[in-house]
Amino acid sequence: MSYLQTPAETNAADQTGRLYEADRAALGYVANYTRVFALQPAVYAAWQQLNTAIKADMDMRRYELVTLAAARRLRSSYCALAHGKALRDRFYDAETVEVIATDHHDAGLDSADVAVIDFAERVVTDATAITADDVAGLRRHGLSDTEIFQVVLTAAARCFFSTVLDAVGTEPDSQYRTSIEPGLQLALTFGRPIATADTPDETP
């Protein structure tokens with residue numbers, strides 16, 4: 001699941017228990033990333049607050065596209081699978097998400113979406129290389145400065161979350177093996193492979 005020994009659930013009323021119960025209520029199982037962040041619940045709560053604030057006024061389709069772009073550039077299978085699935089569930093069919101994940105220039109997206117994804121990838125790869133012309137290019141595609149800042153925040157925040165998970169060997173939840181089509185799984189698995197089996201109390 002990860003290289004760390006993560007907390008076992010001992011009391012549904014303690015912080016770990018509440019985190020795990022929230023996952024079971026929302027997902028039907030405890031996510032591997034939740035087990036890792038249960039080592040520092042206050043950090044997880046701060047992450048949730050930050051991420052909620054970033055996307056509160058953001059178009060959700062753009063948020064998912066930017067997050068997938070960042071995860072792809074970071075080679076984060078976990079985040080790519082989670083947000084690729086969200087794109088498939090809410091905005092596109094599996095075949096389209098597969099193309100977005102492999103070459104977004106050939107996915108039938110409009111020019112603004114392509115420019116946003118290109119920009120998000122550059123934020124993750126080398127933010128110091130971004131110029132005023134890059135920002136002006138997004139303005140020409142109709143983005144306001146607030147929307148451009150949202151793209152930057154989304155990509156930069158993903159650097160934190162994905163890097164933490166991969167640095168401690170966190171495997172994507174085994175449930176992705178059955179909840180995502182094989183071809184899309186392959187397209188979204190950039191780094192660590194999906195876990196092969198549940199841990200004992202991952203099951204509902």
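Trainee: Which residues is isoleucine 194 in contact with, leaving aside its neighbours within four places in sequence?
Mentor: Isoleucine 194 is in contact with Leu81, Pro172, Asp173, Ser174, Tyr176, Arg177, Gln185 and Thr189. Contact means heavy atoms within 4.5 Å. This is a predicted model, where local features need pLDDT of at least 70 and side-chain atom pairs count only at pLDDT 80 or more, while totals for chains, interfaces and linings use all residues. Residues are numbered from 1 along each chain as its sequence is written, and side-chain values use heavy atoms, with hydrogens and water left out.

Trainee: Is isoleucine 194 buried or exposed?
Mentor: Isoleucine 194 counts as buried because its relative accessibility is 5%. Buried means under 20% relative accessible area, exposed over 50%, and partly exposed in between, with a 1.4 Å probe and protein chains only.

Trainee: Where is the place of isoleucine 194?
Mentor: Isoleucine 194 sits in the segment after helix 11 (182–188). Helices (H or I, at least four residues) and strands (E, at least two) are DSSP runs, numbered from the N terminus. Between isoleucine 194 and methionine 1 there are 9.6 Å in space, C-alpha to C-alpha, although the two are 193 residues apart in sequence.

Trainee: Back up to the whole chain. How many helices and strands are there?
Mentor: The chain has eleven helices and zero strands. Its radius of gyration is 17 Å, close to the 17 Å that the globule rule gives for 204 residues, so the chain is as compact as a globular protein of that length. The radius is taken over C-alpha atoms, and the rule is 2.2 Å times the number of residues to the power 0.38.

Trainee: What share of the residues of the chain count as buried?
Mentor: Of the 204 residues, 46% count as buried. As for contacts with a separation of 6 or more, 67% of them in the chain come from residues 24 or more positions apart.

Trainee: New topic. How much space lies in the largest pocket?
Mentor: About 810 Å³. The closest to the pocket centre, out of 31 lining residues, are Leu27, Tyr33, Ala82, His83 and Tyr176. On a 1 Å grid over the protein atoms alone, a pocket is an open set of points where a 1.4 Å probe fits, with protein on both sides within 12 Å along at least five of seven lines, and lining residues have an atom within 4 Å of a point. Grid points are joined across faces, edges and corners, and the volume is the space filled by probe spheres set on the points.

Trainee: Which helix gives the most to the lining of the largest pocket?
Mentor: Helix 5, with eight residues. Among the other elements that give two or more are helix 1 (15–27) and helix 9 (145–167).

Trainee: What about helix 1? Is threonine 16 buried or exposed?
Mentor: Threonine 16 lies in helix 1 and counts as buried because its relative accessibility is 10%. Beyond its neighbours within four places in sequence, threonine 16 is in contact with Pro7, Ala8 and Ala38.

Trainee: And arginine 75, where is it found?
Mentor: Arginine 75 is in the loop between helix 4 and helix 5. Arginine 75 is exposed because its relative accessible area is 52%. Its phi is near 60°, a positive value in a residue other than glycine. Most residues other than glycine have a negative phi.

Trainee: Last one. What are the buried residues of helix 8?
Mentor: In helix 8 (residues 132–140), they are Ala136, Gly137 and Leu138. Their cover includes helix 7 (111–126) and helix 9.
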